[in-house]
Amino acid sequence: MAVKLKDLSKKKDVLAGGHRACAGCGPAVLLRQATLAVDEDLVVGFATGCMEVVTTIYPYTSWRIPYIHNAFENSAATMSGVETAFRSLKKQGKLPVDKDIKFIAFGGDGGTYDIGLQSLSGAMERGHNMVYICYDNEGYMNTGIQRSSATPYGAATTTAPAGKAVPGKLQFRKDLSEILAAHHIPYIAQTSIHDWRDVVTKVQKAVSVEGPAFINAFAPCHRGWRYPMEKTIEVAKMAVETCFWPLYEVENGEYKITYKPKEKVPVEDWLKSQGRFKHLFTDEHKHMIQELQNHVDMLWNNLLKKAGEL
Amino acid sequence: MERVSLTGNDAVGTAMAQINPDVVAAFPITPQTELMHKFAEFYADGKVNTELILVESEHSAMSAVVGSAAAGARSMTATSANGFALMWEIVYIAASLRLPIVMPVVNRALSGPINIHCDHSDTMGGRDSGWVQLFSENTQEVYDNVIMAVKIAEHKDILLPVMATFDGFIISHTQEVVELLSDEEVQKFIGKKEMYYPLLDVKNPVTYGPLDLQDYYFEHKRQQVEAMLKVPAVVDEVAKDYAKLTGRKYDFIEIYGPEDAEISLVALGSTAGTAKDVVDKLNDEGKKVNLVKIRMFRPWPHETIVNALKGKKAIGIMDRSDSFGALGGPVFMEIRSSLMGEIKEDITANYIYGLGGRDISAPEIESVYNDLFEIAETGKVKNRKTYLGVRE
Ligand SMILES: Cc1ncc(C[n+]2csc(CCOP(=O)(O)OP(=O)(O)O)c2C)c(N)n1
Ligand code: SF4
């Protein structure tokens with residue numbers, strides 16, 4: 001059943017306004033989309049990072065639902081414990097059994113691609129009935145815009161700045177969704193906040209499967225990417241139009257591309273929109289733009305093949 | 001009550017099964033492994049209601065039990081040395097979230113160099129983490145401590161995690177006769193777990209683990225201190241109830257030998273058992289000495305220690321771990337600060353022994369008492385810190 005914006009708008013936000021995210025924050029948009037998507041009772045867990053910090057500064061909390069933050073690298077392990085407790089207590093009749101509760105663990109790309117990768121892999125392999133959502137803003141934003149393994153090739157960050165000798169990050173980003181696909185869990189998806197319907201539909205699918213599900217959600221951060229704050233949705237959309245961030249899902253091993261741009265926009269156009277790539281637009285470094293384009297093309301072609309479209 | 005011969009690990013694995021926790025997280029490390037093997041057998045045979053999470057690391061073991069305990073479930077895990085070190089960050093978080101997790105820790109030397117045998121460098125490092133720490137002399141004591149730990153941790157005035165430690169191999173892998181309670185007796189003793197602010201209460205949502213800054217963090221730490229201060233009374237109350245059930249009464253410390261002896265040795269863990277033999281021998285020879293065994297290391301039983309040791313003429317303090325660059329090992333430093341103003345001269349001597357599982361023999365302990373006779377006679381300590389049984 002197609003999701004209607006009108007229906008969503010009638011639902012009560014479980015994330016109260018007044019939290020401390022920057023105006024125009026991509027990840028904050030994702031939190032609303034993802035939590036509005038779930039009709040059942042929901043418990044959320046967070047890794048240390050921007051979204052944890054901005055929603056829960058004691059004595060305030062923006063969460064109208066149960067929330068737990070433990071540390072930076074263990075959002076998945078912590079939620080695996082919560083989910084296990086639910087199964088155990090329910091089985092033993094120590095909780096009212098009529099209700100089902102959904103569990104979503106969130107983490108930024110730092111807390112997911114990097115320091116929390118082991119914890120995530122373990123929880124997915126163990127088959128917990130939970131969803132993990134990575135809000136991917138391509139860097140450690142909370143600590144001041146440092147490089148992560150999700151930071152794109154060529155981007156300038158505070159730990160991999162564009163200097164005279166080194167032009168930003170020299171490595172291509174890690175393809176985390178593919179790593180998760182190798183876990184052969186029931187559901188994996190990439191989504192992006194510019195397409196609320198895509199996010200909501202995928203989150204609804206993820207919570208409805210039996211067993212673990214993973215969603216990698218593209219969520220731009222204007223502070224880190226250096227673009228005007230009102231452009232967050234546009235910047236996200238362009239990443240998808242260039243195929244830098246394809247929208248797809250892997251359902252029981254079957255790849256399906258959920259959005260195909262009519263015409264693939266050059267990656268250069270997307271890079272141009274952000275200050276973190278400014279140094280690439282020089283004679284000295286412009287070859288890097290081509291290298292990134294080649295990499296994006298290669299991955300897109302691979303994806304087309306996996307989805308049986310090539 | 002059943003009398004059986006069990007290794008320390010099997011006894012603790014059995015105690016865990018009798019506690020029948022809602023959630024157990026497990027990751028292998030020597031010498032804790034057989035403990036979890038034992039528990040896993042109970043689990044595989046359907047003898048417990050527990051959901052067992054076989055995590056991919058100790059960091060995730062502690063993280064998962066933090067999640068399950070916050071959810072409202074009675075939760076346990078167990079570890080040793082490097083495993084304990086890997087969970088470090090979350091060990092502190094478990095205490096600050098006031099989660100009544102119970103964790104047996106099988107003492108093993110912390111790397112490096114890597115070693116699998118007993119010393120106390122692992123749990124001594126966790127003494128400021130906010131966990132209650134109970135040390136055990138033998139298999140019976142650790143079996144009893146683990147069961148009592150559940151009741152201490154879950155007491156409404158406490159709500160703090162408890163670790164019950166026992167010496168790797170020396171206790172964990174040695175067969176001893178133990179008296180086991182029946183499953184029903186254990187269940188009746190520990191009672192039903194009360195849930196305080198469980199995360200799974202979706203009708204009354206709570207936020208666990210918010211960012212706590214300059215304006216409140218200190219007050220929350222202060223509350224944690226208050227909870228710790230209430231622990232001794234609860235440990236005592238639980239021990240009294242346990243004594244009614246078993247006839248075995250445990251105090252914060254145990255004084256072995258004549259209480260009015262002027263010469264005392266302080267030890268904890270399995271070494272206390274060896275020292276007791278030496279105390280018997282010396283007293284038989286007409287040399288009046290005693291042993292002060294510490295069972296509860298955190299919270300530190302200051303007054304009890306002072307009462308046991310004031311007025312002594314010589315006190316030897318045994319440490320199975322060192323604090324590099326410090327005046328002495330962790331037990332030594334605690335004893336010394338407790339005795340400030342209580343003893344006339346500096347008559348305390350520290351003995352670091354048994355690192356990495358190096359055996360400690362009765363004659364070596366006797367040699368320590370011989371040092372203490374000399375201190376008592378001369379009023380002077382020749383060596384404040386002695387490394388016992390090491391090739392210098
Ligand atoms: C073990 C540990 N290492 C480092 C930190 C410091 N730290 C806190 S948040 C953070 C960055 C988070 O980055 P990410 O997961 O990408 O989330 P974002 O801030 O971008 O939302 C870091 C490095 C920490 N809290 N814990
Ligand atoms: S720094 Fe970026 S991710 Fe963090 S709150 Fe601001 S916009 Fe959002």
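Strand S4 (residues 131-136) and strand S6 (residues 213-218), both of chain A, pair in the parallel sense over six bridges. Strands here are DSSP runs of E, at least two residues long, and helices are runs of H or I, at least four, numbered from the N terminus. Two strands pair if DSSP finds at least two bridges between them. One bridge joins Val131(A) to its partner Ala213(A) in S6(A).

This is a predicted model, in which local features need pLDDT of at least 70, side-chain atom pairs count only at pLDDT 80 or more, and totals for chains, interfaces and linings use all residues. Residues are numbered from 1 along each chain as its sequence is written.

Now widen the view. Nine strands form an open sheet with mixed pairing, in the order S8(A)-S7(A)-S5(A)-S6(A)-S4(A)-S3(A)-S1(A)-S2(A)-S9(B). The edge strands, S8 (254-259) of chain A and S9 (207-208) of chain B, each pair on one side only.

Helix H2 (residues 26-37) of chain A lies across S1, S3, S4 and S6 of chain A, at about 155° to S4(A). Contact means heavy atoms within 4.5 Å. Angles run from 0 to 180 degrees between N-to-C directions, with axes fitted to C-alpha atoms, for helices over the stretch in contact. Helix H4 (residues 75-91) of chain A lies across S1, S2, S3 and S4 of chain A, at about 170° to S3(A).

Terms used:
Chains lettered and ligands numbered in written order. Heavy atoms only, no water.
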